[in-house]
Amino acid sequence: MTTIDYPAPTRLRPFQLTQIKTPWPIRQLLGRPFAPTPEEYAKLHHGLFDGDPVMDRYIQSRIEQSSEKPDWREFHQALHSPKPSEFQGSDALQTLLKSTCTNPTWVDRNLIEDGVQFIHSTGRAATDVLRDMALMGGYLMVAFNKTLILTGELEKGAAPRLASTAQWWLKVVNPNANCAGGPGALATLRVRWMHALVRHQLRNSPNWDSNQWGLPINQVDMAATYLGFSAVMLLGLRKIGIVVTPCNSRAVMQLWKLIGWQMGVREEWLVDTEQQALVKLRQFLFTHSPPDESTHRLTSALAGEPLSRNYASLQTLRKHYAHQKHLSSSWYLLGPRMFHKLGLRAPFGPFIALLAVPARVAHHALGRIIPGQWARLIRHGRKAQEIAVAELQQRQADQPNTPVSVNAN
């Protein structure tokens with residue numbers, strides 16, 4: 001096993017406890033067991049202490065110039081310039097831009113655009129899956145939660161977090177958005193800058209225990225996040241009735257491979273297929289402690305978000321229906337075992353979510369086979385996603401603080 005220069009954080013399970021037995025059918029499907037090899041385990045260990053060196057160096061250079069109030073104007077000016085890669089700023093900024101405003105040789109532009117179109121075709125199904133499965137399930141990864149709590153994100157409420165993430169997602173899932181210097185790529189670079197600021201803040205905070213959690217927003221955690229937007233989303237879409245062909249799967253994985261790279265994820269953590277992603281995600285779970293009080297605080301805030309919504313009519317009825325619908329969706333998408341680990345209850349179980357599945361199957365399947373309907377499905381689906389994000393923004397403006405869910409245990 002590769003030697004690591006620092007001790008394993010307590011969040012990482014001992015190697016022996018990662019050697020779980022993979023059921024034979026799953027092993028055949030994935031082509032390998034979930035259990036990491038000694039070399040893969042060493043990579044997990046190292047990844048927990050590995051950040052984003054290029055962006056981290058830029059952050060450090062600006063802070064060294066003015067530790068009390070770093071000047072970020074050149075960074076924002078570069079993002080708004082016609083050709084960011086040619087912006088004349090500090091040496092550290094030019095190094096950053098030259099390394100991020102180009103695309104790797106493995107990028108397949110046609111495949112990426114196919115992935116964008118497929119996601120558009122799914123309409124609100126994609127936003128619901130990301131909310132009720134990827135985001136909700138992500139709170140089981142306790143080290144993520146520590147970052148949110150220590151940076152004060154929990155106090156801001158669920159609506160602002162949802163809105164900011166959805167706005168970024170809408171920008172990157174767009175035609176030609178992620179080409180070098182494109183609007184999606186620049187939006188991702190801005191998020192990457194914010195991550196580096198948080199990393200710098202927390203790693204120098206007495207409240208951050210690196211012996212327990214490793215480095216804040218490290219490579220393992222960033223890779224898990226990018227796979228939540230790709231492989232986890234595809235898994236959820238299938239469960240709620242969306243047809244996902246092998247071509248659709250390859251296209252979406254290629255799209256998010258590029259976005260992950262632009263976010264600062266090293267190529268060693270990027271994958272091409274859902275099978276590879278599922279193995280990585282299972283191994284990432286070995287780097288997290290069991291759910292704790294932070295899990296329940298965050299899931300309660302997200303589950304209770306519908307109770308803060310404003311409707312033009314039938315306020316109470318519609319709020320409580322939306323609340324139960326999202327709880328039912330999370331129960332169905334995550335499964336009862338994972339759902340109950342979140343500290344939530346769904347009085348109606350998966351039944352509200354299941355009611356919508358037959359109609360969604362028919363709608364999406366017919367959209368593929370009827371001439372001219374696929375383009376319409378893409379166009380209307382994108383419009384539905386834009387409306388969903390606009391509604392989140394409106395809720396953020398109307399109700400910045402979200403009440404705790406009445407279904408939290």
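Colleague: Which residues in H13 do those in H6 meet?

Modeller: It's a predicted model: local features need pLDDT of at least 70, side-chain atom pairs count only at pLDDT 80 or more, and totals for chains, interfaces and linings use all residues. Residues are numbered from 1 along each chain as its sequence is written, and side-chain values use heavy atoms, leaving out hydrogens and water. Helices are DSSP runs of H or I, at least four residues, numbered from the N terminus, and contact means heavy atoms within 4.5 Å. Arg109, Leu111, Ile112, Asp114, Gly115, Val116, Phe118 and Ile119 in H6 meet Asn248, Arg250, Ala251, Val252, Gln254, Leu255, Trp256 and Leu258.

Colleague: What is the orientation of H6 and H13 to each other?

Modeller: Axes are lines fitted to C-alpha atoms over the stretch in contact, with angles from 0 to 180 degrees between N-to-C directions. H6 and H13 pack at about 105 degrees, axes 7 Å apart. Angles of 65 to 115 degrees count as roughly perpendicular, so that's the call here: H6 and H13 are roughly perpendicular.

Colleague: Arginine 266 forms a salt bridge with which residue?

Modeller: A salt bridge needs a side-chain nitrogen of Lys or Arg within 4 Å of a carboxyl oxygen of Asp or Glu. For arginine 266 the closest N and O atoms are 2.5 Å apart, and the partner is aspartate 50.

Colleague: Is glutamate 305 buried or exposed?

Modeller: Buried means under 20% relative accessible area, exposed over 50%, partly exposed in between (1.4 Å probe, protein chains only). Glutamate 305 has 0%, so it's buried.

Colleague: Which residues do salt bridges that share partners join into one network?

Modeller: Start with arginine 309 and glutamate 305, whose closest N and O atoms are 3.0 Å apart. The network joins Arg131, Asp132, Glu305 and Arg309.

Conventions:
Helix = DSSP H or I, 4+ residues; strand = E, 2+ residues; numbered from the N terminus. Parallel < 35°, antiparallel > 145°, perpendicular 65-115°, else oblique.
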